[in-house]
Amino acid sequence: MTDIAASDLATIYPAPSPRVIAKARPEIDAHARKFIAMSPFCVLATSGLDGSVDASPRGGNPGFIHVVSPTQLVMPDRSGNNRIDSFRNIVEGSGQLQLIFFVPGIDETLRVGGTGKLSAEPDLLASMEEFGKLPRAVLSVAVREAYFHCGKALMRSKLWSPEIKVERAVLPSIGQIIYDQTSLGEPEPQAAVEARYRTQL
């Protein structure tokens with residue numbers, strides 16, 4: 001096994017087709033807007049000044065991320081673990097970020113890249129109430145590019161197929177896992193964890 005150098009890549013992978021290059025658009029078009037409006041889940045990726053990388057799941061009701069204009073998205077930040085790795089990367093680093101949007105049942109995904117800024121402006125927070133709660137902050141994304149990604153990865157994984165759904169009971173509760181790893185807190189059963197989650201959405 002040898003390491004692949006940058007110069008080796010062109011010998012392994014063919015050049016992308018003109019269509020693949022051209023599909024990256026500089027703004028949110030009608031198709032991307034509709035996809036975002038249907039999406040209840042995305043992954044936010046950021047990078048820190050020290051070169052560290054963070055990828056964080058984000059979710060809400062379909063359309064929880066709002067398209068303000070073809071070049072601006074706003075995303076409310078809901079209750080989480082308070083590590084705020086993503087937001088620390090944004091405010092301390094370049095602010096560059098990537099989002100991947102998922103829509104259950106659709107194998108294609110939407111990728112959006114841009115620059116983020118954070119706001120805790122009261123009127124903006126009030127406009128994004130969900131689950132009976134205001135967000136703690138709102139991420140505004142200045143869109144640089146948006147493009148649809150082919151569905152091959154999700155097709156290979158059969159992500160939306162009921163036949164591969166795993167029963168939660170095959171793993172210990174997340175409370176038990178974290179207790180085993182840290183000896184901190186309590187080894188809660190999964191039912192207790194989920195009940196607590198529901199009060200914190």
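**Close-up views of helix H3**

**View 1. The start of helix H3.** In this predicted model, a side-chain oxygen of Asp29 comes to within 3.1 Å of the backbone nitrogen of His31 at the start of H3. Such a polar contact is a pair of N or O atoms within 3.5 Å, where within protein one must be able to donate a hydrogen and the other to accept it, and residues adjacent in sequence count only if both atoms are side-chain atoms. Helices (H or I, at least four residues) and strands (E, at least two) are DSSP runs, numbered from the N terminus.

**View 2. The two faces of H3.** Helix H3 covers residues 30-38, and its residues Ala32, Phe35 and Ile36 are buried. Seen down the axis of H3, the buried residues lie within an arc of 100 degrees, so they line one face of the helix; the arc is that of the directions from the helix axis to the C-beta atoms. The face turned away from the buried side carries the exposed residues Ala30 and Lys34. Buried means under 20% relative accessible area, exposed over 50% and partly exposed in between (1.4 Å probe, protein chains only).

**View 3. The cover over H3.** Strands S3 (66-69), S4 (72-77), S5 (96-102), S6 (109-119) and S7 (137-149) are among the elements that cover the buried residues of H3. Contact means heavy atoms within 4.5 Å. The protein has 8 helices and 7 strands, and 29% of its 201 residues count as buried.

**Notes.** Residues are numbered from 1 along each chain as its sequence is written, and side-chain values use heavy atoms, with hydrogens and water left out. Local features need pLDDT of at least 70, side-chain atom pairs count only at pLDDT 80 or more, and totals for chains, interfaces and linings use all residues.
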